[in-house]
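This briefing is for a reader who is new to the structure.

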Amino acid sequence: MKFTKMHGCGNDYIYINGFTEQIEAEKKPGLVRKISDRHFGIGGDGAIFINPSKEADFEMEMYNADGSRAEMCGNGIRCVAKYVYDKGLTDKTNISIISYGQVKYLELFLKEGKVDTVRVNMGAPGLRPEEIPVVADNCTDRVVDEPIVVEGKEYKMTCVSMGNPHAVVFVEDVEHMAIEKIGPYFENHERFPNRTNTEFVTVLDRSHVQMRVWERGTGETYACGTGCCATVTACILNGLTDETVTVKLLGGEITVTWDREANLVYMTGPAETVFEGDLV
């Protein structure tokens, strides 16, 4: 099986061409767990299959490292765009990609004939509790600065769906927090029926924040594109930043704009190829 290892700000996945590699659906979770292992496999935060689609130019079929299916990945979808252009599957610099029934529109920016950065129209953020989903008995419209008790400590969370669930938590010093200890408890908290991704965020100024993320089904990753979008949305809802924000991550930076008038979130960031190979 041929594969390509790619990453967006260190959020790395194994990309498989579904046009040429035919793998039975029931075998994919096990395969993903095997190849995502960083000691015994290729290594990655998960795997993404790039498939033909009738609803869009391409389909992104994404799996977390534990083999669970995921709805959306901001870094992953940028890398899919780079893959299909660089491999000659398209010659367009404006394309559409569908993932889990959601169609996103992407603008590709080239450098020396290859895709360097990608701007994604991530659509409108989901804010209602049932869209995320999150159990929020006292909130019918938005879950903003909502108390949640995790392992005996009260936090304040703002919940956003970017096609997948996010809980954004503001902290004073994200750089030195023990995310590996608290992250799993947020992910599996009873208030999140489908589990959740959790972003821990320190606001630096009106246009810059620092973020670490605990991803559902994977653990801490170097970046999360949808998490950046959720974070900026949460910052704006809490009155902490302007509408365009640079998010500083362990693996780089992503810029997010929430166009409040159009109610659309735009994410711009890099996409890079690491290596290619054959899995035998």
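Predicted model: local features only at pLDDT ≥ 70, side-chain atom pairs only at ≥ 80, totals over all residues.

P133 sits in the loop between β8 (114–123) and β9 (146–150). The peptide bond leading from I132 to P133 is cis, with omega near -15°.

**Backbone in the loops**
- E112 is found in the loop between β7 (102–111) and β8.
- The phi of E112 is positive, about 55°, although E112 is not a glycine.
- E112 is exposed, with a relative accessible area of 79%.
- E151 lies in the loop between β9 and β10 (153–161).
- E151 is not a glycine either, yet has a positive phi of about 50°.
- With a relative accessibility of 56%, E151 counts as exposed, because the cut-off for exposed is over 50%.

**Helix α4**
- Helix α4 covers residues 225–237, and its 13 residues should span 18 Å at 1.5 Å a residue.
- The end C-alpha atoms of α4 are 19 Å apart, which agrees with that expectation.
- Of the 13 residues of α4, 13 are buried, so the helix is largely enclosed by the rest of the structure.
- G239 follows α4 and has a positive phi, near 70°.

- T4 belongs to strand β1 (residues 2–8).
- The relative accessible area of T4 is 3%, so T4 is buried, the limit being under 20%.
- Leaving aside neighbours within four places in sequence, T4 is in contact with residues including Y13, Y15, Y83, K87 and E276.
- The side chains of T4 and E276 are joined by a polar contact of 3.0 Å.

**Salt bridges**
- The count of salt bridges comes to 17.
- One of the bridges joins D278 and K2, with the closest N and O atoms 3.1 Å apart.
- This pair links distant parts of the chain, D278 being in strand β18 (residues 272–278) and K2 in strand β1, 276 residues apart.
- D278 counts as partly exposed at 48% relative accessibility, while K2 counts as exposed at 52%.
- E61 forms a salt bridge with K28, where the closest N and O atoms are 2.8 Å apart.
- E61 is in strand β4 (residues 58–64) and K28 in helix α1 (residues 28–36), 33 residues apart.
- Both E61 and K28 are buried.
- E276 forms a salt bridge with K87, the closest N and O atoms being 2.2 Å apart.
- E276 lies in strand β18 and K87 in the loop between α2 (74–86) and β6 (94–99), so the pair ties together parts 189 residues apart in sequence.
- Salt bridges that share partners join K5, D12, R38 and D45 into one network.

Notes:
Residues numbered from 1 in each chain as written. Heavy atoms only, no water. Helix = DSSP H or I, 4+ residues; strand = E, 2+ residues; numbered from the N terminus. Buried < 20%, exposed > 50% of the residue type's maximum accessible area, 1.4 Å probe, protein only. Polar contact = N/O pair within 3.5 Å; in protein donor to acceptor, adjacent residues only side chain to side chain. Contact = heavy atoms within 4.5 Å. Expected span 1.5 Å × (residues − 1). Salt bridge = Lys/Arg side-chain N within 4 Å of Asp/Glu carboxyl O.
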